[in-house]
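Trainee: I am new to this structure. Please pick one part and take me through it closely, then show me how it sits among its surroundings.

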Amino acid sequence: MKPIDLPLMEGFQILLRGELFVEQARRRVSSTVDEYHWTTHAEKVGGPKPVQEAAVIEIGDDGKVANYSLFSSGAVLQRAVFGQNRALLTLRDGNEHELALTVAPDLVLQQNLLLQLSRSLAAFDRDQGPRKLHYFSPEALAVREIEVAPAGTLDWETSIGIRLNMSTSGALVSAVRMDEQGTLVGRAAAPVFHAVPIETLRGAEESIEPPPPPPGIDREEVTLESDDITLHGLFVHRREPAGPCPACLFLNGSGSITRWGGAPGMRLKTLETMDALAQVGVASLAIDARGAGKTGFGKADRSLGATRLADAGAAWRWLAARADIDALHLFAAGHSLGALVILQLLSVDPALAPAGLILLAPPGRPLRAILMEQNARESARLQVSEEEAGKRDAALRQWLDREARTDGTELRLGGLRPLTDPAVLDADPRAAIAAVRCPTLILHGDKDIQTSADRDAKALHRAARSRNVRSTYKEIHNADHLFRLEPEASTPERYRQDLPPNPEYLAAVTGWIAGLAASAPKPRR
């Protein structure tokens, strides 16, 4: 590698459909340490406001990343120390995990990737031709590969479909998409650094705050033990129940969702559902996803499928053991991925015998097929060309195939890689529903853009009926995937708006459970 003499500071802008999306800035702290700042203008893709993040990267004598510190409210990784074919990672829950690496990383993949990449390219001898670089992904917690090749006098082409134009001093001038149009996707700009100390950017992850409880309803913060972790949950019930009452375990879908339905920049209707159940005399329990709310990640070698099943089973047993709960009238409700988790749990643990099952916007086929369909639908919404849509499909298929494999050199933290565990990605709910031995209610919103009524909810209903499951299907009018009241067309942008729960949905859930609880025989005292 040749010595480099980059500017002390440089800035770069990433464009999305011609508009400013990410502002990047790099500041040299020393000959081996750079400080990066970037602002993602999330409101342009439906986010609530611009998101500020920063990182400090130290480069070792070999030109590889030696230390990486990330300052972000929503990121899993806070610090990584690389060396001797390993990485020591500090996550936001405070736990440390050691990860074996087959190769040391040259870069760390964040929104400042292009500025990092240009720094590495400035040190390369162009006469040596194409080469491979390795980047560490804080999302996958794994090392991935990128290919670069000199093009023209100062340009570099990359395997990520971006061509970089560099100045004679090695600074990044522009980035264009490697297609016939050569669309501009980035350009040099004045560096913009955050006014606040970067340490403050590690604040609490933003989510919309929950409303207060209805009169006479208590929301009790609880903890329970799963296989390798303490889970934080929310137990909602009447303040003065008349003896042991029915109860429902509520499992949220994929992502970093808290026990009350909070997620970055949005809020599910978990809490309103639990409040509504309590008002008809049915207690309920919901738990944090690992890495969300007050709950940590647990052991690094546990896959998403294993942790979701373990945590759901622990929550069920916690409910069943309470003296104030009527154990003969325990129900389970799962939303989206949570519906699949419930079906899988019943398959592996037949001793669990719910009095009834509610599947909310459930998958009715393997999640891989649903993700591919979602990608195609989004391409159509964005009105991209047929060629571009094909590239988007190929890229997603390649990503799913790659992320579903592991060679033991990456961490598979439950809740971190929500849909790429093979046990989840390729599971067929239509086969799993054969384990159900109780009445089942399947609900689907007519404004749902994530799952299909015909190919998912109705398909699962038909599979249930074919296996003699007492299944009822109901479509909820003006309900999106989150069962909010959605009078307009549902879009990713509208997900960020705190819409109210759909009243037809709440009535369907509470009426069905209350009806079954009233008609079932009461426990002996």
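Mentor: Start with the overall layout. The C-alpha centres of domain 1 and domain 2 lie 35 Å apart. Domain 1 covers residues 21–189 of the protein chain, and domain 2 covers 217–519. Keep in mind that this is a predicted model.

Now go to helix α10, which takes in residues 503–519. Check its length. The helix has 17 residues, and at 1.5 Å a residue they should span 24 Å.

Which residues of α10 are buried? They are Tyr505, Leu506, Ala508, Val509, Thr510, Trp512, Ile513 and Ala517. What do these buried residues pack against? One partner is a helix, α2 (270–279). The others are strands: β18 (245–251), β22 (325–335), β23 (356–360), β24 (440–445) and β25 (471–476).

Those strands belong to a sheet. The sheet is open and has 8 strands, in the order β16-β17-β21-β18-β22-β23-β24-β25. Its pairing is mixed. At the edges are β16 (217–225) and β25, each of which pairs on one side only. From one strand to the next, the twist averages 20°.

Strands β23 and β24 run parallel and are joined by 4 bridges. Within the pair, Leu357 stands opposite Thr440 in β24. Helix α10 packs on the sheet, touching β18, β22, β23, β24 and β25. The direction of α10 makes about 170° with that of β23.

Strand β1 (residues 9–16) pairs with strand β15 (residues 184–189) in the antiparallel sense, over 4 bridges. Ile14 has Gly186 as its bridge partner in β15.

Strand β15 also pairs with β14 (residues 172–177). These two run antiparallel, with 3 bridges between them. Val176 has Leu184 of β15 as its bridge partner. The hairpin of β14 and β15 has 6 residues between the strands. In this hairpin, Gly182 takes a positive phi near 60°.

Return to α10 to finish. Trace its buried residues, Trp512 and Ile513 among them. Then find the strands that α10 touches, including β23 and β24.

Key
Residues numbered from 1 in each chain as written. Predicted model: local features only at pLDDT ≥ 70, side-chain atom pairs only at ≥ 80, totals over all residues. Heavy atoms only, no water. Expected span 1.5 Å × (residues − 1). Buried < 20%, exposed > 50% of the residue type's maximum accessible area, 1.4 Å probe, protein only. Contact = heavy atoms within 4.5 Å. Pairing = 2+ DSSP bridges. Domains from an automatic or database assignment. Axes fitted to C-alpha atoms, helices over the stretch in contact; angles between N-to-C directions.
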